[in-house]
Amino acid sequence: ALGERLRRHADTRSDWPDDGGRTYGELAAGAAAALPAGAGALAAPERDAMLLRPPTGSEIIELLPFAVAEGFAPAPAPPVYVRAERELLAIDPTAVDAAERQLFNLPVDFVEHLLLCGDTLVVPAMDKVTGIDSRTGAARWQLANPERRLLERLGIQRGVLLVVASPRAGVGDAEILGVEPLSGAVTFRRTLGPDALKPKATGGNVLCMDVAGGDAATVRSIDPLTGATTSSWSLRHPSLRGLRPEVDVTALRFYPQALMTHRSLLLLPLDRSHADAAPRIVALLPTGEPAWQWHDAGATDLLLAAMHGDDLALLVAGTGGACRLVLLDPADGSERRAVPVGFDAAPRNWQRAWIDSPAPDRLFVESFADSDRTERQVVSVECRADGAAFALPLTREDGALIESPVYGPDFVTFATRASRGAGCRLWCVSLLDRTGMLPNGRRYRPVAGAGNVDAMAAVGRNVAIAGSRGVVLFAADRGPR
């Protein structure tokens, strides 16, 4: 947030004596160049490096996902964060001595995800948001909440942590707060009003949909630095009848997760519950008039609609279950690319959320290769006009895919449950030619020790798989076991 404000006044000279008369632009560039290197590229999961067991035999250990916020000094080797019952544990994956692996343990309630901002770990709970040292657990700040309101985070936008505070008993209005994540300082507060739905963070802004006003909802764009309204759109056009409050306000409750913007346009994905005909995308001008509309007469569902840089990515299901990835130019709705991805496709590394959820660089899809639904496959597609795509058949021993697959610099790794009984299989294949990246050129290997696996993630340079009996950490280089 501070960096963005400095860039707005890049030609202005600082009057701070230690800055030596340099401009704010020069200072911002120097600060960026001084950032330390991060943990490095993800390594192929060639061997078991560590097995983390629950602290006691009766507990279940869960891998806590964390997002690394952009614009902060990267942590050189982030710990593995797990939850055991009501404790948050931080494990150092680089420690040689087993006695030194646990960095800290803290009591927590209702924590499902974490945010890493440099070396500050933001821990959002149901009625408490705290910032701690990512390696020692030492407290750095806690968001004041004397009324014990429900707190929901919207992630980081332009360096600001966004939090929605709602009254528990439904009496009073909710607020959106901007929080500087290194210090916990509140940068703004804004009342949302009784008819506002939960805001959505997207594309460096916050979109708030208000269902008051009778026959039309309104969407406002809020600046995450100041909380001020920067744009607004009225949803009165006839093509948006399915988004009118009188249709069903309850059904609109989760719709803001789908909202996106591109420059001055509001992008509205409409499925069959919101559109009279085939699913479509409507791009709305600030005047409330459509700038363009996209639809496919054969489409039956929009499985994904998300921005990826200057492309709008859609995963479209059509007649008979045939699916394709479509890339549109968000300025005019023209089609840039369409790639078939099989039948009954399901994206495995993307889902709608209240936090910013752009399309991934490479979309990973599970589908059937044939209309008879006899041959299962996974498909990887780069979300750019000239990107590579490939399909990889699964075997009869592969059951359901574990979310979420992980991409390295030249490989993709994913896991499947066993088609019969317990167990898990870990795959790792080259993006170039689909050859195996595991020892001896294998594409896959069994995973032992984790029990019934339910999650996988990248942690620094390592791949981690979590199950009912523990967390297995994999590595490529030789080191402690």
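**Notebook: strands, histidines and rings**

I began with β15 and strand β16 (residues 205-210), which pair in the antiparallel sense over three bridges. I take strands as DSSP runs (E, at least two residues), numbered from the N terminus. Two strands pair if DSSP finds at least two bridges between them. Within this pairing, T202 stands opposite N205 in β16.

Some ground rules. The model is predicted: local features need pLDDT of at least 70, side-chain atom pairs count only at pLDDT 80 or more, and totals for chains, interfaces and linings use all residues. Residues are numbered from 1 along each chain as its sequence is written, and side-chain values use heavy atoms, with hydrogens and water left out.

**Two open sheets**

I looked up the sheet around β15. It is open, has four strands in the order β15-β16-β17-β18, and pairs antiparallel. At its edges stand β15 (200-202) and β18; each has a single partner strand, so one side of each has no neighbour in the sheet. Neighbouring strands here are turned by 25° against each other on average, direction ignored. Axes for such angles are lines fitted to C-alpha atoms, for helices over the stretch in contact, and angles run from 0 to 180 degrees between N-to-C directions.

I then turned to another open sheet of four strands. Its order is β1-β37-β36-β35, again with antiparallel pairing. The twist averages 25° from one strand to the next. I found five bridges joining β1 to strand β37 (residues 470-475), and the two run antiparallel. M50 stands opposite L473 in β37.

**Two histidines**

I checked H262, in strand β19 (residues 260-262). Its relative accessibility is 9%, so H262 counts as buried. The scale: buried is under 20% relative accessible area, exposed over 50%, partly exposed in between (1.4 Å probe, protein chains only). Leaving aside neighbours within four places in sequence, H262 is in contact (heavy atoms within 4.5 Å) with L267, M307, D310, P330 and A331.

Next came H308, in strand β23 (residues 299-308). H308 is buried too, at 17% relative accessible area. Beyond its neighbours within four places, H308 is in contact with A359, P360, D361 and C383. I also noted a polar side-chain atom of H308 at 3.0 Å from the backbone oxygen of C383.

**Aromatic rings**

I found six aromatic pairs in the structure. Rings of Phe, Tyr and Trp (its six-membered ring) pair if their centres lie within 6.5 Å; planes under 30 degrees apart are stacked, over 60 edge-to-face, the rest tilted. F254 and W354 have ring centres 6.2 Å apart and planes at 35°, so this pair is tilted. F254 lies in the loop between β18 (229-234) and β19, W354 in the loop between β26 (335-347) and β27 (362-368), so the pair ties together parts 100 residues apart in sequence. F254 is partly exposed at 47%, whereas W354 is buried at 12%.

F364 and Y407 form an edge-to-face pair, 6.4 Å centre to centre with 75° between the planes. This pair links distant parts of the chain: F364 in strand β27 and Y407 in strand β31 (residues 406-407), 43 residues apart. F364 is buried, at 1% relative accessibility. Ring pairs link F364, Y407, F414, W427 and Y444 into a cluster. Last, I noted R425 over the face of Y444, at 3.9 Å from the ring centre. The cut-offs: NZ of Lys or CZ of Arg within 6 Å of the ring centre and within 35 degrees of the ring normal.

Technical notes
A polar contact is a pair of N or O atoms within 3.5 Å; within protein, one must be able to donate a hydrogen and the other to accept it, and residues adjacent in sequence count only if both atoms are side-chain atoms.
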